[in-house]
Amino acid sequence: MPPELSVVVPSRDGDARLAVHLPRLADAAAALGVAWEGVVVDDASAAGPPGADTLPAGFALLPLAGHEGAAGARNAGARRSRGVWLLFVDDDVELDAAALRALWAARREDACVVPEVRTADGGLQNALVRTQKLLEPRWVHEPEPVAEVDYPLGACLLVPRALFERAGGFDRRFRPNYFEDTAFGEALRRTGARTLMVAGAVARHFEPAAAERSRRQKAAISANRWRYVFHYTRGGRRAGAIALAPLRVARESVATRSLLPLAGLARALASELPLRRPAAR
């Protein structure tokens with residue numbers, strides 16, 4: 001009989017982060033009082049995967065042969081696990097027993113549920129509401145919890161396996177990460193599912209500040225922004241956004257004194273044509 005819960009933790013070069021956050025996550029899962037299992041997916045860490053004997057009880061190690069990115073690592077963990085419910089937690093997230101208990105109590109067969117994902121200084125990261133700007137989707141960060149968010153931030157989310165599979169999992173075209181969770185939110189919505197926030201359940205996300213992102217990371221964000229437009233917007237909005245893209249990124253490059261916006265669009269176009277190529281899972 002499969003366990004009720006599978007906890008999937010993707011990690012790349014994350015030994016130090018795992019040592020800090022994984023024991024608490026294991027304690028939180030054990031405190032639920034249900035059958036559970038944990039999988040740490042090592043996404044081809046430069047120094048090799050952590051030793052399986054360094055993981056807390058309940059967690060197994062799944063080393064990947066090559067770098068798959070966040071989407072691929074999460075999908076691999078889901079395939080390796082057997083739980084009826086899937087809890088995805090990044091290796092830089094602190095989730096305690098009270099927060100997990102609140103998530104578990106709010107679980108629904110027809111929805112993905114998420115905690116309040118907050119930075120170390122308390123800023124709310126995932127109260128994301130969709131808007132539009134010149135036909136391109138954009139997202140507003142609300143300062144307080146909202147009942148429903150546009151998509152589940154990949155840092156922490158709980159979803160029934162059946163719904164995860166119906167949505168097709170995470171789209172591996174978004175590598176190494178950035179926008180893969182945005183695309184997953186759209187895939188969930190197309191099944192008729194919603195993404196609901198559990199107010200008061202707090203997960204602490206200790207990721208580097210946006211200002212500290214490397215040029216390579218910023219380039220990936222810029223390219224994946226357009227991959228999302230190509231594959232996850234529809235009809236006239238998609239055509240209009242693509243038509244306006246060269247003008248938009250030219251203006252952004254001038255405003256930021258950087259070629260990254262232009263380079264991101266070029267990179268997305270070069271790698272994604274034809275535009276309706278099936279999603280990579």
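Trainee: How many bridges join strand E7 to strand E8?
Mentor: In this predicted model, strand E7 covers residues 128–133 and strand E8 covers residues 136–141, and the two run antiparallel. One of their pairings sets Val129 against its bridge partner in E8, Val140. The number of bridges that join E7 to E8 is six.

Trainee: Which residue in the turn between E7 and E8 has a positive phi?
Mentor: E7 and E8 form a hairpin, with two residues between them. In that turn, a positive phi of about 50° belongs to Leu134.

Trainee: Is Arg248 buried or exposed, and which residues does Arg248 touch?
Mentor: Arg248 lies in helix H7, which spans residues 235–256. Since buried means under 20% relative accessible area, Arg248, at 8% relative accessibility, counts as buried. Leaving aside residues up to four places away in sequence, the residues that Arg248 touches are Lys133, Leu134, Glu136, Arg138 and Arg225.

Trainee: Which residue in E10 stands opposite Leu87?
Mentor: Strand E4, residues 85–89, is joined to E10 by five bridges, and the two strands run antiparallel. Within E10, the residue opposite Leu87 is Leu158.

Trainee: Which residues of E10 lie on one side and which on the other, and are they buried or exposed?
Mentor: In a regular strand the side chains alternate between the two faces of the sheet. Strand E10, residues 156–160, is mostly covered, with five of its five residues buried. Cys156, Leu158 and Pro160 lie on one side, Leu157 and Val159 lie on the other, and both faces are covered, so that these residues are all classed as buried.

Trainee: Are helices H5 and H6 roughly parallel or roughly antiparallel?
Mentor: The axes of H5, residues 180–190, and H6, residues 215–232, come within 10 Å and cross at roughly 15°. Because angles under 35 degrees count as roughly parallel, H5 is, relative to H6, roughly parallel.

Trainee: Is the crossing of H5 and H6 left-handed or right-handed, and what classes of residue make up the contact?
Mentor: The crossing of H5 and H6 is right-handed. Thr182, Ala183, Glu186 and Arg190 in H5 meet Tyr228, His231 and Tyr232 in H6. By class, this contact has three nonpolar, two polar and two charged residues.

Trainee: Which residues does His21 touch?
Mentor: His21 has its place in helix H1, residues 15–31. With a relative accessible area of 11%, which is under the 20% cut-off, His21 is buried. When residues up to four places away in sequence are not counted, His21 touches Asp91, Asp92, Val93, Glu94 and Phe206.

How values were computed: Residues numbered from 1 in each chain as written. Predicted model: local features only at pLDDT ≥ 70, side-chain atom pairs only at ≥ 80, totals over all residues. Heavy atoms only, no water. Buried < 20%, exposed > 50% of the residue type's maximum accessible area, 1.4 Å probe, protein only. Helix = DSSP H or I, 4+ residues; strand = E, 2+ residues; numbered from the N terminus. Pairing = 2+ DSSP bridges. Axes fitted to C-alpha atoms, helices over the stretch in contact; angles between N-to-C directions. Parallel < 35°, antiparallel > 145°, perpendicular 65-115°, else oblique. Left-handed = near helix turned anticlockwise from the far one by under 90°. Contact = heavy atoms within 4.5 Å. Nonpolar A, V, L, I, M, F, W, Y, C, P; charged D, E, K, R; others polar.
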